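Here's a quick tour of a few side chains worth a look. Open the model and follow along.

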Amino acid sequence: MAISTKMEAAFNAQINAEMYSAYLYLSMSCQAQDLKLKGIANWFKVQYDEEIAHAMGLLNYLHDRGGRVILTAIEAPRTEWESAIAMFENTCEHEAKVTGLINEMVSLAMEEKDYAAIQFLDWYVKEQVEEEATADEILGELRLAENAPGALLMLDRELGARTFVAPVIG
Ligand code: OFO
């Protein structure tokens with residue numbers, strides 16, 4: 001069954017939102033590099049890769065459903081954060097917002113009785129739980145390491161070990 005016009009628009013909007021997320025985390029990665037936090041810069045670069053994968057998952061699905069992909073301008077991200085804590089606070093806020101967007105998509109899919117999309121979006125619902133939990137955990141660790149440069153250095157090393165593993169979406 002071809003996707004409805006409303007669902008097609010929602011998928012296109014979410015592709016843009018995921019691309020914005022990618023852009024935001026790439027901006028954080030560059031700022032972390034400037035703050036000499038190489039590990040955190042790596043963590044956000046991997047986060048960027050993940051967001052691109054999220055966008056591509058939606059894009060490929062929209063194609064599979066016979067929808068038309070329309071790419072739109074990506075808003076410029078913020079470019080300044082005073083600390084790693086500020087970056088992760090922003091990450092937590094941002095991911096909560098994205099969770100809201102995904103939930104709205106699921107609500108729309110329910111209204112449209114698009115059972116295939118509901119099933120597909122289930123992956124994103126679960127992913128958001130993980131995204132929020134991970135950002136929150138790192139924020140907590142950074143707060144514990146505040147005023148303890150040695151602890152921050154260790155945490156930075158740990159986050160430097162993160163590698164990108166392409167997710168299997170859907
Ligand atoms: Fe795509 O999960 Fe973050 O934004």
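## Ground rules

A residue is called buried under 20% relative accessible area, exposed over 50% and partly exposed in between, using a 1.4 Å probe and protein chains only. This is a predicted model, where local features need pLDDT of at least 70, side-chain atom pairs count only at pLDDT 80 or more, and totals for chains, interfaces and linings use all residues. Residues are numbered from 1 along each chain as its sequence is written, and side-chain values use heavy atoms, with hydrogens and water left out.

## Aromatic pairs

Trp43 and Phe88 are both buried. Aromatic pairs are rings of Phe, Tyr and Trp (its six-membered ring) with centres within 6.5 Å; planes under 30 degrees apart are stacked, over 60 edge-to-face, the rest tilted. The structure has nine such pairs. Trp43 with Phe88 is a tilted one, at 5.1 Å centre to centre and 55 degrees between the planes. Trp43 sits in helix H2 (residues 38–64) and Phe88 in helix H3 (residues 84–111), so their pairing ties together parts 45 residues apart in sequence. Helices here are DSSP runs (H or I, at least four residues), numbered from the N terminus.

Phe88 also pairs with Phe44, again tilted: 4.8 Å between centres, 35 degrees between planes. Elsewhere, Phe11, Tyr61, Phe120, Trp123 and Tyr124 make up one aromatic cluster.

## Glu127

Glu127 belongs to helix H4 (residues 115–145). Its side chain makes a polar contact with that of His54 at 3.1 Å; that term means N or O atoms within 3.5 Å, one able to donate a hydrogen and the other to accept it, with sequence-adjacent residues counting only if both atoms are side-chain atoms.

Definitions and conventions. Helix = DSSP H or I, 4+ residues; strand = E, 2+ residues; numbered from the N terminus.
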